Amino acid sequence: LKVIIKSDVQGSLEAISGALLKLSTNEVKINIIGLGIGGITETDASLALASNAIILGFNVRADVSAKKIIEMERLDLRYYSVIYDLIDEVKSAMTGLLSPEYKQNIIGLAEVRNTFKSPKFGLIAGCMVINGVIKKNNPVRLLRDNIVVYEGELESLRRFKEDVNEIRNGMECGIGIKNFNDIKIGDNIEVFEVKEYFLKDPRFKIIITISEVIVSKDLSYAQVFVSFLETNEKLNVKKLLTLLNKASGYIRKILCKKLKLRIIPNIIFYHDDSLIKGISSNNTLQQVKSIFHAKKAGYIGTLDPLASGMLPVCFGESTKFSCYLNNSDKKYNVVAKLGEKTSTFDSDGIIIKKRDISFTHIELDKTLKELTGFINQIPSMYSAIKHNGVPLYKYARQGLNIPRNIRQIKIYKLTLVSQKNNLIELNVHCSKGTYIRTLIDDLGEKLGCGAHVISLRRTQVGLLSYSKLVTIPYLKELSNKKNINQLDNLLMPVDTPVCFLPKVYLSYKESFNFKLGKKISFKSYIKNSLVRVLEKEKKIFLGLGEIYTEEILIPYRLISMSNS
């Protein structure tokens, strides 16, 4: 693993290089090919490009010429302000067990052109924004000769005499930094945001995520669906799949040892592009609708782009009964990061508050119990709930805050799966209308440290089992092979959304009259309930009926006669 290290002072440089060299093993060695004090220069970037090395910057920044090379060649540059973070990440990279990376994206840069004193805010820097955008609520660093002098937050941001939330490239502004007055003409003020990404192992260049495994009934083979994250435009999916399939023998051997099994199915890898970040529930619906050539289709329960898992899709006449499934309970697996509160309650938002994690296991257990049962929630502004016909998230993106009604939901079960360092994993069984992001935000506030969702997977909707899940790539594969029978076999009965209702059977004559909308004299132990009505002889689902105490079956919602 080749690295180039640049630091602000000699002491830090020696400590970092010494610690990294001690991490070398027989399998992976740390090779420091360059190190020095001061900002990252064009020479450093050129050396990294020629040797395929990672650039590690400790309290320093890249100059303009170095940035051009780094961005053009997409070099791996990482900034740090804590030595232990740098060492831990390099250690993780060597083992290939990389935890999520909290990448600091620089979103704006302002140059200090003048300074003056304010009675209210102390020293104010008269600045020109020379790159990106300066946002008031984001953390900042003061740079002097490309070396970090101070890191903190803005106290004031003004355009002329007006307080503003952001200033864009090419505009002048006045900036006050909280608890810091040593600002000089020529300094740069850097604004950044912290986002969480999944890291890749530097030896493999990408991270491979398994999204689904389908094993044949005779256990002879397994279809493994994978996605490639944190990649660039040059990604050759076919080549990567070929490499994976060539390595399947070795992978099976490792699995045998890990799982202590004598036989492992033959493994075939397929690309799953359904996990690309940003895919919407509607996008998924349109793809599935096209595969099945359905004229009418709808999905049940919108999933956030960050979320994955179960998205039931109804076709044709089944859409008439989808509301019953939408109103049913749901189950989720969620991973949250503690210590940070974000604007959207998930990792897509900006960090608005950081706090120490100091709760005990007893306090955690007590809080989980408090959040179980009937609780009140205020939905996030970043939700699909509509106000005057417009989704709330569109208002939120404009910086508007719309009053939302408190809604009562029920958490049937809230189970702790694991909690390690600043990550916590939970299984949630909840009622319709529950916002998991809001639940996690409430959990963080009750624990006094804040929290936000970094991973969310829906595992059950109503009585639909997780084992019924299929991926879009699998459907596309069957469609491309024109394997109509296998596609049809995946379709569930039209009355699946109401499978929880009791069944009643009618004779052929009764069925004929029922389909015409006529009331049927019917004796049953069932009273005051909706029922599924089927023709007795052919077991054909006709629709829903109502049975009252008068022992009469009344048509409630019928299947179209042309489809019966």
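The model is predicted, so local features need pLDDT of at least 70 and side-chain atom pairs count only at pLDDT 80 or more, while totals for chains, interfaces and linings use all residues. Residues are numbered from 1 along each chain as its sequence is written, and side-chain values use heavy atoms, with hydrogens and water left out.

Let's start with the rings. Rings of Phe, Tyr and Trp (its six-membered ring) pair if their centres lie within 6.5 Å; planes under 30 degrees apart count as stacked, over 60 as edge-to-face and the rest as tilted. That rule gives 3 aromatic pairs. One of them joins Phe292 and Phe315, with ring centres 5.1 Å apart and planes at 45°, so this pair is tilted. Phe292 sits in the loop between α7 (281-291) and β16 (297-299), while Phe315 belongs to strand β18 (residues 313-315), so to speak 23 residues away, and the pair links distant parts of the chain. Helices (H or I, at least four residues) and strands (E, at least two) are DSSP runs, numbered from the N terminus.

Phe321 and Phe541 make an edge-to-face pair, 5.5 Å centre to centre with 65° between the planes. Phe321 lies in the loop between β18 and α8 (322-326) and Phe541 in strand β31 (residues 540-547), so the pair ties together parts 220 residues apart in sequence. Phe321 is buried at 0% relative accessibility, and Phe541 is buried too, at 8%. Buried here means under 20% relative accessible area, exposed over 50%, and partly exposed in between (1.4 Å probe, protein chains only).

Strand β31 also takes us to an open sheet of 5 strands, in the order β28-β30-β31-β32-β29 with mixed pairing. Two strands pair if DSSP finds at least two bridges between them. At the edges stand β28 (503-506) and β29 (520-521), each with a single partner strand, so one side of each has no neighbour in the sheet. β29 runs antiparallel to strand β32 (residues 552-558), joined by 2 bridges, and Ser521 stands opposite Ile552 in β32.

The charged end of Arg61 is 4.0 Å from the ring centre of Tyr79, and Arg141 lies over the face of Phe192 at 3.9 Å.

Finally, Leu219 is exposed, at 54% relative accessibility, in the loop between β13 (207-215) and β14 (221-229).

Notes
Lys NZ or Arg CZ within 6 Å of the ring centre and 35° of its normal.
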